[in-house]
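Please look at the sequence and the structure before reading on.

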Amino acid sequence: MLTRIFGRHLYSQIVAPLVLASVLVGLLATGVAVFFLGTLTDGWVDEVALGSVQNLESRFDSRALNMVRVTGLAAGDQSLREAIASNDASGTEAILSKNNDSLDFDAMLVVA
């Protein structure tokens, strides 16, 4: 006697194996896609993070260089040097206030 795995009817013998095969193919395709897309996504995330870090480092270096240049401008002001040398507090304050406005600083201090 012949045993039929999927039943006696022709419809069950055709549809059930096709549904089972399509589910297995779908699961296999999903597994393969997750594997390949996972490595692709990891690489993309690493590249974006590296680009962000390089951009941030460049901006920090640019800002530090700009601060060094502006500090040189402020330190090279002859009238500020003379006011500090003569202990003229009001003159030093006026010059520092002017430099704060022109150099767009929040505050400027004299460290002697």
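## Surface and burial

Of the 112 residues, 11% count as buried, meaning under 20% relative accessible area.

The model is predicted: local features need pLDDT of at least 70, side-chain atom pairs count only at pLDDT 80 or more, and totals for chains, interfaces and linings use all residues. Residues are numbered from 1 along each chain as its sequence is written, and side-chain values use heavy atoms, without hydrogens and water.

## Fold and dimensions

The chain holds three helices and zero strands, in the order α-α-α from the N terminus. Helices are DSSP runs of H or I with at least four residues, and strands are runs of E with at least two.

The C-alpha trace spans about 120 × 20 × 20 Å along its principal axes. The radius of gyration of the chain is 37 Å, whereas a compact globule of 112 residues would have one near 13 Å (over C-alpha atoms; 2.2 Å times the number of residues to the power 0.38).

## The largest pocket

The volume of the largest pocket is about 210 Å³. Of its 12 lining residues, Thr-71, Ala-74, Phe-105, Met-108 and Leu-109 are the closest to its centre. A pocket is an open set of points on a 1 Å grid where a 1.4 Å probe fits, with protein on both sides within 12 Å along at least five of seven lines; lining residues have an atom within 4 Å of a point.

Helices H1 (10-75) and H2 (78-85) each supply at least two lining residues, and H1 gives the most, with four.

Terms used. Points joined across faces, edges and corners; volume = space filled by probe spheres on them. Buried < 20%, exposed > 50% of the residue type's maximum accessible area, 1.4 Å probe, protein only.
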